[in-house]
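Let's take a walk through this complex together. Have the sequence and the coordinates open as you read.

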Amino acid sequence: MTHHDQSLVTAPLLSVENLQAWYGKSHILHGVTLTVGQGEIVSLLGRNGAGRSTLLKSIMGAVTTKGAVRLSGRDLAGQRPHKIAHAGIGYVPESRDIFPDLTVRENLILGQKPGGAGLWSMEDIFDLFPVLRTRADTRAGVLSGGEQQMLTICRTLIGDPDLIMIDEPTEGLAPKMVAAVGQLLERIAARGVSILLVEQKLVIALDISHRLYVMGHGEIVFEGTPQALLDAPEVRAEWLEV
Amino acid sequence: MGIEVVTFSVVNSILYGMLLFLLASGLTLIFSMMGVLNFAHASFFMVGAYFGFEISRRVGFFPALVLAPVAVGLLGALVERFGLRRVHKFGHLGELLFTFGLAFVIEEAVQMIWGRSPQDFQVPAALNFTAFTLFGTGYPAFRLFMLVVAVAVFAALALLLARTRIGLIVKASLTHPEMVSMLGHDVPLVFMSVFGVGSALAGLAGVIAGPVLVTQPSMAAALGPILFVIVVVGGLGSLAGAFVASLLIGFIQTFAVAINLKVADVFGLIGVTQPPAAFGALLSDIWNVSVAQVGPVIPYLLLVAMLMFRPMGLFGKRA
């Protein structure tokens, strides 16, 4: 089977083509093309300022863009964020943005889409993270950093996205929590939800990703499997190592 | 001051405070969302009074009580959708100037349509009786009705915000609008709705206050500054703060009028009965100033003191 045939058989869930993005007059993304398949964990690597977070925000419709963003073939470019969320893309920002004055349960309710439960019910979420059940009626603002990170991922998950984009979920977490986040991501993918991950910790990304992209100066500079990246020390030296 | 004056002043303070809260609640919600004080908020109050007057004349007061706020709410939603939202990209200063200008436009429009003189907006006959008599003085039923309406709206608003999904969306949008929209909620629609509901509450306050206060073009300008005092003293963006500050201002303004105490009386307590002659006429003028005379200034003194010593307000989280 040739590479071309394979892409026909498993059409990607998300396909981004030649995406350009601007913050005001600064040109941040210079034509990014990538795909994420069904149930696939794909990581975006690169140094700070490479444009990874901007790429996620651009896909989410929060930045002015040019180019195509397709989810299951449907073009989403130029749509407003809430429409893109309804189309099936979930986004967990680096800033986490929990609603600190609302309870854990209220935070989760805000993640739910009208029209009943889908793949993830409130109970599923609580089973995934029992600590969220015990703290369901606690103000989210008093949770620990790790618990807040779990809450923000779960809040997006409960809205039943086909693809969840997560920006730096392990940032500032204790090693034990880092491992827990990694396990959570694998469990999410095991249910058929695709993950596009921005991750600074190379070990985690290599461990859980099916495929990786490396970004530099607003472009994709490498694409391949974790093994391919391990076999390419020159890529790591030029684009990842400090 | 007799017990009867105190009793009636307390009731009037609560009534005035709740009326102010009908306005301040909408203003503070709008402020929390947009980060901009809506200078035209009191204008919606005035438009509510005029709409209420016109609708009352034709179909009666009680239909007006519902229809006028709805009409004002729609007007507010249109102002947000086609005015503020377009100005938004020019920043807060642009939005501030827009609402400032809008207040003048509304006042001029009201004068063009209804003229400068007060309208004959009367208390509806069904409520024009004495509710109760205390210490030989009657209390008008309409004032009691105003109190009931204000408290009912306050309770409904509190329930809506605390117990419903819509309330959660509004509360979360106040602090994290971007995140809320990325969870799939149409935040611009939420903003427009809150602006509309806030305007409708101001309109409702106008309908129930119209027959008691005077329905005239200057009524917006008379009330506007007091609203800002409430929102700042309560803490920008805090509903609980707006509630406490509304009652506080209600009490201050009502009791200031009722207290007939002069500067001279205060000094009289420590045995000084004449102003020191050395300061001449200047001091003798101050000597005869009564609390009732400085009453209108007290809220602004409170505002200045609050900004100096606690700029985040009573319940606010940011300065």
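The paragraphs below go from conventions and confidence to chain B, then to the interface and chain A.

What you see is a predicted model, in which local features need pLDDT of at least 70, side-chain atom pairs count only at pLDDT 80 or more, and totals for chains, interfaces and linings use all residues. Residues are numbered from 1 along each chain as its sequence is written, while chains are lettered from A and ligands numbered from 1 in the order in which they are written.

Let's begin with confidence. For the complex, the predictor gives an ipTM of 0.89 and a pTM of 0.84. The mean pLDDT (the predictor's confidence in each residue, from 0 to 100) of chain B is 87, and 95% of the residues score at least 70. Within chain B, helix α2 (residues 41–59) has the highest confidence, at 95, and helix α12 (residues 281–287) the lowest, at a mean of 69.

Now for the build of chain B. Its secondary structure consists of 14 helices and two strands; helices (H or I, at least four residues) and strands (E, at least two) are DSSP runs, numbered from the N terminus. The C-alpha atoms of chain B fill a box of roughly 70 × 50 × 40 Å along the principal axes. The radius of gyration, taken over C-alpha atoms, can be set against a globule rule of 2.2 Å times the number of residues to the power 0.38. For 319 residues a compact globule would come out near 20 Å, and chain B, at 21 Å, agrees with that. Two residues are in contact if their C-beta atoms, placed from the backbone, lie within 7 Å. Of the contacts in chain B with a separation of 6 or more, 77% join residues 24 or more positions apart.

Where the chains meet, 18 residues of chain A are in contact with 17 residues of chain B. On the chain A side, α3 (81–87) and α4 (104–111) each supply at least two residues. By class, that side has 10 nonpolar, four polar and four charged residues. Here Ala, Val, Leu, Ile, Met, Phe, Trp, Tyr, Cys and Pro count as nonpolar, Asp, Glu, Lys and Arg as charged, and the others, Gly among them, as polar.

Chain A also holds an open antiparallel sheet of four strands, in the order β2-β1-β4-β5; strands pair if DSSP finds at least two bridges between them. Its edge strands are β2 (26–36) and β5 (74–75), each pairing on one side only. Strands β1 (residues 14–23) and β4 (residues 64–71) of chain A are antiparallel over seven bridges. A:Glu17 has A:Ala68 of β4(A) as its bridge partner, and A:Leu14 stands opposite A:Leu71.
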